[in-house]
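Here is a colleague's note to read alongside the structure shown below. The points are numbered so that each can be checked in turn.

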Amino acid sequence: AISGAVGTFANIEPYVEEHVAAKLGLKPEPVSTQVIPRDRHAMFFATLGVIASSVERLAVEIRHLQRTEVLEAEEYFSPGQKGSSAMPHKRNPVLTENLTGLARMVRSMALPAMEDVALWHERDISHSSVERMIGPDATVTLDFALARLTGVVDKLLVYPENMEKNLNKFRGLVHSQRVLLALTQAGLSREDAYRLVQRNAMKVWEHGADFLEELLADKDVTAALSEADIREKFDLGYHTKHVDTIFKRVFGEA
């Protein structure tokens, strides 16, 4: 800051600060001492922490999708790559695990930045040693994490057939909400509709029954809904009809 040791412009006129800032394409800090208030810096590092958390959100989801019992997507696995030194069959999500750890490190640097805000008489330099460490570390680490995440997404392997297989494991239970709503729209109270759907769903959980067949065999359900109405509620396309709209919101028009 050019406002002087305590920010009163005792030795330099305010217009000098304005002139220098304009030449540098900057705006003068409204109130400063020998240092700019560190709340600006704290906000910067907090923002880095939020971005790192967004990186981790995607990384954790990919890790879950790569689990053996799910396997709906996974990191690219190059020929000859080793997944585990002990178990040759494994394909571990090493890159997204790494991203999870890096996100923790970036977030950890937001706290000392916030602790830098409170300086003695708003002008000590206890913040300096902190910023000399977290400044390069947080920015370089996040830059690396974003580059790595870009590569993971670019080469991500996606398995739609496993998605369908996983949905079918539940023998139609994923459609229970649509059946519930259809029954209420047919005139049943929500409590009665919930009871009818749940009692058939429990047969699937407990005995491995087929949800659609159980509903069709339930006279209380068929008294309210026709067979065609019930079967229509099992259309997966109903749940994906707005996917293109979501993609356009994120990526814009193709």
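1. Glu214 and Lys203 meet through their side chains in a salt bridge, at 3.5 Å from N to O, where a salt bridge is a side-chain nitrogen of Lys or Arg within 4 Å of a carboxyl oxygen of Asp or Glu. The pair links distant parts of the chain, since Glu214 belongs to helix α9 (residues 211-217) and Lys203 to helix α8, 11 residues apart; helices here are DSSP runs of H or I with at least four residues, strands are runs of E with at least two, and both are numbered from the N terminus. Glu214 is partly exposed because its relative accessible area is 21%, and Lys203 is partly exposed at 35%; buried means under 20% relative accessible area, exposed over 50%, and partly exposed in between, with a 1.4 Å probe and protein chains only.

2. The model is predicted, so that local features need pLDDT of at least 70 and side-chain atom pairs count only at pLDDT 80 or more, while totals for chains, interfaces and linings use all residues. Residues are numbered from 1 along each chain as its sequence is written, and side-chain values use heavy atoms, with hydrogens and water left out.

3. By the salt-bridge rule the count comes to 12. One of them joins Arg199 to Asp220, with the closest N and O atoms 2.7 Å apart, and this pair also links distant parts of the chain, Arg199 being in helix α8 (residues 190-207) and Asp220 in helix α10 (residues 219-222), 21 residues apart. Arg199 is partly exposed at 33% relative accessible area, and Asp220 is partly exposed at 42%.

4. Arg178, Glu232 and Lys233 are linked in a network of salt bridges.

5. The protein is divided into domain 1 (1-34), domain 2 (37-164) and domain 3 (170-251), with bounds that come from an automatic or database domain assignment. The centres of domain 1 and domain 2, taken over C-alpha atoms, are separated by 38 Å, and 8 residues of domain 1 are in contact with 5 residues of domain 2, contact meaning heavy atoms within 4.5 Å.

6. How much area do domain 1 and domain 2 bury between them? The value is about 480 Å², of which 42% is on carbon and sulfur atoms; buried area is the accessible area (1.4 Å probe) that two parts lose on being put together, summed over both. On the domain 1 side, Glu29, Thr33 and Gln34 lose the most area to domain 2, together 71% of what that side buries. The rule finds 1 salt bridge across this interface, and Glu29 is also a partner of Arg40 in a salt bridge whose closest N and O atoms are 2.5 Å apart.

7. Glu131, in helix α5 (residues 126-154), counts as buried because its relative accessibility is 16%. Leaving aside residues up to four places away in sequence, Glu131 touches Arg38, His41, Asp116 and Pro136.

8. Phe9 is found in the segment before α1 (14-23), whereas Leu71 is found in the loop between α2 (39-65) and β1 (73-74).
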